[in-house]
Amino acid sequence: MTTNEEIIVLDILFQEQALLDKEIMEHHQVEYSETTNKRILALLVELGEFANETRCFKFWSFKGPSPKDVILEEYVDGLHFFLSLGIPLGVERLSHRFRKDGKDLTEQILLTYDRVLDLLENYEVKTYALAFSSFLNILPHLGYKVDDVFAAYEKKRKINEKRQEANY
């Protein structure tokens, strides 16, 4: 379980994401600068899909959240876009100590949305770091271990690579 004492080091994921991004950009003949807003929108969409799987905001329903592996897969979809957004800003190394910014999962997700919208208005390292920090601080609300996140990221990265090979 992620705790306030646990630290995640994302350096290797930035390297892996840069390789995947390079393959995607060459395949689709685009550059980072052309796709910033599209990647921010994709991140917001993925964050919404993640929230939907947690069902944390559905006060009107007794149905519980999706299975933990489904929720984690949606979370790492967002992680892919966060990593991708950091690369053109020169972010190659990042470590983060977890904390709960929001009092519950709903509040944490809303804080992340707010900070991603700030990133849309001011795409620079400082706003990126604040938004990414809020996103990473979702994890303590869910009880995943850092190793779970890395394994899920790797699994999804391999799927994304195969999709590119298949002209997804």
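A crossing of two helices is called left-handed if the near helix is turned anticlockwise from the far one by less than a right angle, and right-handed if it is turned clockwise. In this predicted model, helix 4 passes helix 5 in a left-handed crossing, and helix 3 likewise passes helix 5 in a left-handed crossing.

**Helix 4 against helix 5**

- The axes of helix 4, which covers residues 105–121, and of helix 5 come within 8 Å and cross at roughly 160 degrees. Because angles over 145 degrees count as roughly antiparallel, helix 4 is roughly antiparallel to helix 5.
- On the helix 4 side the contact is made by Gln108, Leu111, Thr112, Arg115, Val116 and Leu119, which meet Thr127, Tyr128, Leu130, Ala131, Ser134 and Phe135 of helix 5.
- Sorted by class, this contact between helix 4 and helix 5 has seven nonpolar, four polar and one charged residues.

**Helix 3 against helix 5**

- Helix 3 (residues 68–86) and helix 5 (residues 125–136) have axes that come within 11 Å and cross at roughly 165 degrees, and these two helices are therefore roughly antiparallel to each other.
- From helix 3, the residues in contact are Tyr75, Gly78, Leu79, Phe82, Leu83, Leu85 and Gly86, while helix 5 contributes Tyr128, Ala131, Phe132, Phe135 and Leu136.
- By class, the contact of helix 3 with helix 5 comprises 10 nonpolar and two polar residues, with no charged residues.

**Helix 3 on its own**

- Helix 3 has 19 residues and spans 27 Å from its first C-alpha to its last, which is close to the 27 Å expected at 1.5 Å a residue.
- Helix 3 is mostly covered, given that 14 of its 19 residues are buried.

**Leu13 of helix 1**

- Leu13 lies in helix 1, which runs over residues 11–28, and its relative accessible area is 0%. Because buried means under 20% relative accessible area, Leu13 counts as buried.
- Leaving aside residues up to four places away in sequence, Leu13 touches Leu79, Leu83, Phe150, Tyr153 and Glu154.
- Leu79 is one of the residues that Leu13 touches, and although Leu13 and Leu79 are 66 residues apart along the chain, their C-alpha atoms are separated by 9.5 Å.

Note on methods. Residues are numbered from 1 along each chain as its sequence is written. This is a predicted model: local features need pLDDT of at least 70, side-chain atom pairs count only at pLDDT 80 or more; totals for chains, interfaces and linings use all residues. Side-chain values use heavy atoms; hydrogens and water are left out. Axes are lines fitted to C-alpha atoms, for helices over the stretch in contact, and angles run from 0 to 180 degrees between N-to-C directions. Helices (H or I, at least four residues) and strands (E, at least two) are DSSP runs, numbered from the N terminus. Angles under 35 degrees count as roughly parallel, over 145 as roughly antiparallel, 65 to 115 as roughly perpendicular and the rest as oblique. Contact means heavy atoms within 4.5 Å. Ala, Val, Leu, Ile, Met, Phe, Trp, Tyr, Cys and Pro count as nonpolar, Asp, Glu, Lys and Arg as charged, and the others, Gly among them, as polar. Buried means under 20% relative accessible area, exposed over 50%, partly exposed in between (1.4 Å probe, protein chains only). The expected span of a helix is 1.5 Å times one less than its number of residues.
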